[in-house]
Amino acid sequence: MKLDVSSLQSVREFVKVFKERADRLDILINNAAVNAAPLSSTEDGLVLTYATNHFGPFLLTNLLLEHMSKSGTETRVVNVGSLSHVTADLDLDYITPHKAKHYIDSLQKNMIKKKDDLLLYQNSKLMVLMFTFELARRLKGRHVTVNCVQPGIVATRMMEDEKHFFRNLIMKLLKPFARGTEDGCQPILHCALSSDLYSVSGKYFGNCVEDHSLHPMALDEQMCKQLWRISENFTRLTDS
Ligand SMILES: NC(=O)c1ccc[n+]([C@@H]2O[C@H](COP(=O)([O-])OP(=O)(O)OC[C@H]3O[C@@H](n4cnc5c(N)ncnc54)[C@H](OP(=O)(O)O)[C@@H]3O)[C@@H](O)[C@H]2O)c1
């Protein structure tokens, strides 16, 4: 089945076909992401990195929740986050492409030399965590749990970055210390499958244990609610 998670139409079409073919869903892992994508806009007028890493998975998850509740037993949503979210610099008033550019320019004027694609990735992963925490609050009392997991440094395509010489060099130096893919997916599988995590929801996990290194914004309930409202609007969730 085809799914371009950065396209709201593709997400909607995927969900429609999925619901026709499957009568239940036990585990949803939101793993797809882009890292070194320069600031650009999708057909829906969203920042590509935000659309792929947060808005698409937000819509997908919400549209599939009803199907997950049908299962009768506990079902799980696992959102794949990243350690790097702790250095995010997210302003929820500046997440449309035009405003994001303005924001990045102003940060760079203030001598914050972070590359825009890296900043967008970090911000998107903070959004994933905020979405996880808010969804967990909304799912209380239902048989669906949601947790976020960061897999550590894993030797995947995401570690290859031919576009930036220095980042590519750093990635190459880090590669010998990175986990292999089989090892790297264990924290994600742990969240999806471990019986130890029965009824556990709204947590952030690192190497199969709870990770408390959180960006302060993720702990701010009002901010999480604000992101939820923005995500609902941008994805036109309530029209679905
Ligand atoms: N590798 C690390 O060190 C590391 C560290 C922290 C977090 N993570 C997280 O781990 C997850 C997996 O990343 P990875 O390391 O395995 O990177 P990867 O090798 O680049 O894989 C990314 C995956 O996302 C898919 N994808 C990208 N855009 C998509 C779209 N619009 N629609 C559907 N699928 C799309 C890609 O599909 P195609 O193959 O079709 O392009 C690919 O399968 C990500 O959420 C990433 O942020 C990775």
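The legends below describe views of a predicted model.

**View 1. Overall fold of the chain.** Eight helices and four strands make up the chain. Read from the N terminus, the elements follow the order α-β-α-β-α-α-β-α-α-α-β-α. The C-alpha trace spans about 55 × 40 × 35 Å along its principal axes. The radius of gyration is 18 Å, which agrees with the value near 18 Å for a compact globule of 240 residues.

**View 2. Burial and contacts within the chain.** Of the 240 residues in the chain, 35% are buried. Among contacts with a separation of 6 or more, 76% are between residues 24 or more positions apart.

**View 3. Helix α1.** Helix α1 covers residues 8-21, 14 residues in total. From first to last C-alpha, α1 reaches 20 Å, close to the 20 Å expected at 1.5 Å a residue. Leu8, Val11 and Phe14 are the buried residues of α1. Viewed down the helix axis, the buried residues of α1 lie within an arc of 120°, so they line one face of the helix. The other side of α1 carries the exposed residues Gln9, Lys16, Val17, Glu20 and Arg21.

**View 4. Cover over the buried residues of α1.** The elements that cover the buried residues of α1 include α2 (48-69) and α8 (221-235).

**View 5. Surroundings of the ligand.** The ligand is surrounded by 19 residues. Ala32, Ala33, Thr156, Arg157 and Met158 are the closest of these. By residue class, the shell around the ligand consists of 11 nonpolar, six polar and two charged residues.

Note on methods
Residues are numbered from 1 along each chain as its sequence is written. This is a predicted model: local features need pLDDT of at least 70, side-chain atom pairs count only at pLDDT 80 or more; totals for chains, interfaces and linings use all residues. A residue is near a molecule or strand if its C-beta atom, placed from the backbone, lies within 6 Å of it. Ala, Val, Leu, Ile, Met, Phe, Trp, Tyr, Cys and Pro count as nonpolar, Asp, Glu, Lys and Arg as charged, and the others, Gly among them, as polar. Helices (H or I, at least four residues) and strands (E, at least two) are DSSP runs, numbered from the N terminus. The radius of gyration is taken over C-alpha atoms; the globule rule is 2.2 Å times the number of residues to the power 0.38. A residue is buried if 20 or more other C-beta atoms lie within 10 Å of its own, exposed if 12 or fewer, and partly exposed in between; C-beta atoms are placed from the backbone. Two residues are in contact if their C-beta atoms, placed from the backbone, lie within 7 Å. The expected span of a helix is 1.5 Å times one less than its number of residues. The arc is that of the directions from the helix axis to the C-beta atoms.
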